[in-house]
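Take a look at the protein below. This short report visits a few places in it, one at a time.

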Amino acid sequence: MSETIAAIATATGAGGIAIVRVSGDEAEAILKQIFIPATRREYFESNRLTYGRAVDARGDTLDEVMAVIMRGPASYTREDVAEIHCHGGRVSAGAVLSRALELGARMAEPGEFTKRAFLNHRIDLARAEAVMQLIGAHGAAAARASVRQLEGGVSGFVREVSDELKGLLALLEASTDFPEEVEEEVAAQDVTEGLRRVIQKIEAKSDARGARLLREGASIVLAGRPNVGKSSLMNALLNQERAIVTDIPGTTRDVLTERISLGGVVAELSDTAGRRDTQDPIERIGVDRAQRAAEGADVVLIVIDAAEPLDASDEALLKGADDRTVVCLNKRDAGQAVTRKAIAALTPAMVLETSALTGRGIPELVAELEKRVSAQQESAGQMTALRHIELAHRAADHLRQAVEAVEGGLPLDTAAIDIRAALSDLSEITGENATEEVIDRVFRDFCVGK
Ligand SMILES: Nc1nc2c(ncn2[C@@H]2O[C@H](COP(=O)(O)OP(=O)(O)OP(=O)(O)O)[C@@H](O)[C@H]2O)c(=O)[nH]1
Ligand SMILES: [Mg+2]
């Protein structure tokens, strides 16, 4: 662990500054050879940004920079960390990094700084993962959930339920070890009640669908027969002329997807080809794609032309509607050949009257979409990482087995084994007993320099 590592911590491309980060025993020695402060007085006070120059081996200036030494253990990695803040772009930071490598640092692996923070017990695994999630967050809600996790929400939750489980375990053990003092039946009932409570808590915090919505955003797909105004609605929702709109049925051929932010949650909105039987081979592929897109969507907007009577393909779509469906009775400005009642006869799905042309009903549509895609309110301890959710579900399964064991009259030891298994799953979330393989897998997805 004494190897000193270095990397450029900022993103590639032009920008105001680019930061080279060095961590390890040699960080300060390396910094002193690269960085010449402008005034001797300020020489390398810990945590203080100092102005000066970065120089190459011959002492020629590479860049005008700011530099800081953060001495361990009060640093991100708990080791000595040096940062050199160069001008942006790749060249200057690249030269400083090369110089650090010449001076004995090794190129850091992805996530290696954070991995060291974990291995040096500055943060647990759940918090390390929160760092990565925050960096990759697509929307404000996902970022908020990551910050909560970074602040220890998930870790705190794991600790809380683990403590409860340990209490229940103690109760079980007491009733088997001191049967004359602890009534076994009473203990059994207390334990199953306690276990049920914990299972419920875990389930509430590990809702997979909500987590996926936060992480990846929801997908919303526009569906309907040709010419009903799907592309027009797409443009109205995006507030830009993104999709081609014409009065020729069959205008849209391919699936067109754009990001849209709905109440802090990022969603993907897809326009698709109008559904109809067609001999045109290109359009047919488009229709197939439209169907597949709708099958995988979180929300399906079935668009109906209010000015024209329902046809067979409208009816087929409406009959296939499910709880993901919202019906847009579009072109309401142009007529009323289709009524809400006619639609209600075919599906119980919600109907909104819209006009992509005049904008009528669009705010209501946006509000409804926000409601549908916003993941349940992320609270502290809400899990968003797939790894955490899988472990939480495994723990809950073990606890359910424990309940069954107690209720089935099996020896209480059997339940104790299940509870211990659940505790082990939970502790893997924070990385207490995570194997090297698990740890490596977590950090592999990090970016270099973090
Ligand atoms: N009056 C009126 N016309 C609309 C409205 N929405 C769309 N239109 C018109 O209807 C025609 C078809 O609109 P599109 O948005 O291209 O319809 P689409 O469903 O994407 O059609 P395909 O791509 O062929 O499946 C265009 O001439 C639009 O201007 C509306 O709300 N009111
Ligand atoms: Mg279209």
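Which backbone nitrogen does the side chain of Asp56 reach? Keep in mind that this is a predicted model.

## Asp56 and its loop

The answer is the backbone nitrogen of Asp60, at 2.9 Å from the side chain of Asp56. Asp56 sits in a loop.

Leaving out residues up to four places away in sequence, Asp56 touches Leu62 and Arg99.

## The magnesium ion

Two protein residues donate to the magnesium ion (ligand 2). They are Ser231, through OG, and Thr252, through OG1. Both donors lie 2.0 Å from the ion.

The pair links distant parts of the chain, 21 residues apart. Ser231 belongs to helix H9 (residues 230–238). Thr252 is in the loop between H9 and strand S9 (256–262). Are these residues buried or exposed? Ser231 is buried, and Thr252 is buried as well.

## Two helices side by side

Now turn to helix H14 (residues 386–407) and helix H15 (residues 412–430). Their axes come within 8 Å and cross at roughly 170 degrees. An angle over 145 degrees counts as roughly antiparallel, so H14 and H15 are roughly antiparallel to each other.

Which residues meet here? On the H14 side they include Leu391, Ala395, Leu399 and Val406. On the H15 side, Leu412, Ile419, Asp425 and Ile429 are among them. The residues of this contact divide into 14 nonpolar, four polar and five charged.

Note on methods
Residues are numbered from 1 along each chain as its sequence is written. Chains are lettered from A and ligands numbered from 1 in the order in which they are written. This is a predicted model: local features need pLDDT of at least 70, side-chain atom pairs count only at pLDDT 80 or more; totals for chains, interfaces and linings use all residues. Side-chain values use heavy atoms; hydrogens and water are left out. Axes are lines fitted to C-alpha atoms, for helices over the stretch in contact, and angles run from 0 to 180 degrees between N-to-C directions. Helices (H or I, at least four residues) and strands (E, at least two) are DSSP runs, numbered from the N terminus. Angles under 35 degrees count as roughly parallel, over 145 as roughly antiparallel, 65 to 115 as roughly perpendicular and the rest as oblique. Contact means heavy atoms within 4.5 Å. Ala, Val, Leu, Ile, Met, Phe, Trp, Tyr, Cys and Pro count as nonpolar, Asp, Glu, Lys and Arg as charged, and the others, Gly among them, as polar. Donors are N, O and S atoms within 2.8 Å of the metal (3.2 Å for Na, K and Ca); water is not among the atoms, so sites may look incomplete. Buried means under 20% relative accessible area, exposed over 50%, partly exposed in between (1.4 Å probe, protein chains only). A polar contact is a pair of N or O atoms within 3.5 Å; within protein, one must be able to donate a hydrogen and the other to accept it, and residues adjacent in sequence count only if both atoms are side-chain atoms.
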